[in-house]
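Let's take a friendly walk through the aromatic rings of this structure and the charges beside them. Have the sequence and the model at hand as you read.

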Amino acid sequence: MHIEVPAVKYRDLADRSEGESSRDIGSRVERAREVQRDRFRGSKVHSNAQMTPRFIKKFCEPDAAGSRMLELVTDRLGLSARSYSRILKVARTIADLDGSDAVREQHVSEAIQYRSLDRKVSS
């Protein structure tokens, strides 16, 4: 996965307000990892990235708005089944980091953005 990091404006660099601390981010990541360990306990799968099609259907079903968005993007971009599955797995991970039991439209949208960036870099 690739992400684009745009240039930061001076006023943002000079802003003295605190962002999310590394400790808080680390805690959020550890909670997401624990959710995944619990989700896949008793199976050979250890993380969302390793999900089989059966697990994708069980754990990655997006909400109605997320499904519509994914349908639109899949049809427009002609995504392969593999790309579709990868977007759903990334969306599930984003939802886990967000502390959400459900994969929502905003999680799908973010996952699609990462996929789009990955395609730009690969081209």
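Start at Arg-39, whose charged end sits over the ring of Phe-59, 5.5 Å from the ring centre. A charge sits over a ring if NZ of Lys or CZ of Arg is within 6 Å of the ring centre and within 35 degrees of the ring normal. Arg-54 lies over the face of Phe-55, at 4.7 Å from the centre of that ring.

The model you are viewing is predicted, so local features need pLDDT of at least 70 and side-chain atom pairs count only at pLDDT 80 or more, while totals for chains, interfaces and linings use all residues. Residues are numbered from 1 along each chain as its sequence is written, and side-chain values use heavy atoms, leaving out hydrogens and water.

Now for the rings themselves. Rings of Phe, Tyr and Trp (its six-membered ring) pair if their centres lie within 6.5 Å; planes under 30 degrees apart count as stacked, over 60 as edge-to-face and the rest as tilted. By this rule there are three aromatic pairs. One of them joins Phe-40 and Phe-55 edge-to-face, 5.4 Å centre to centre with 70 degrees between the planes. Phe-40 lies in the loop between helix H2 (22-39) and helix H3 (53-59) and Phe-55 in helix H3, so this pair ties together parts 15 residues apart in sequence. Helices here are DSSP runs (H or I, at least four residues), numbered from the N terminus.

Is Phe-40 buried or exposed? Phe-40 is buried, with a relative accessible area of 2%, where buried means under 20% (1.4 Å probe, protein chains only). Phe-55 also counts as buried, at 8%. The rings of Phe-55 and Phe-59 are stacked, because their centres are 5.8 Å apart and their planes at 20 degrees. Together, Phe-40, Phe-55 and Phe-59 form one aromatic cluster.

Conventions
Helix = DSSP H or I, 4+ residues; strand = E, 2+ residues; numbered from the N terminus. Buried < 20%, exposed > 50% of the residue type's maximum accessible area, 1.4 Å probe, protein only.
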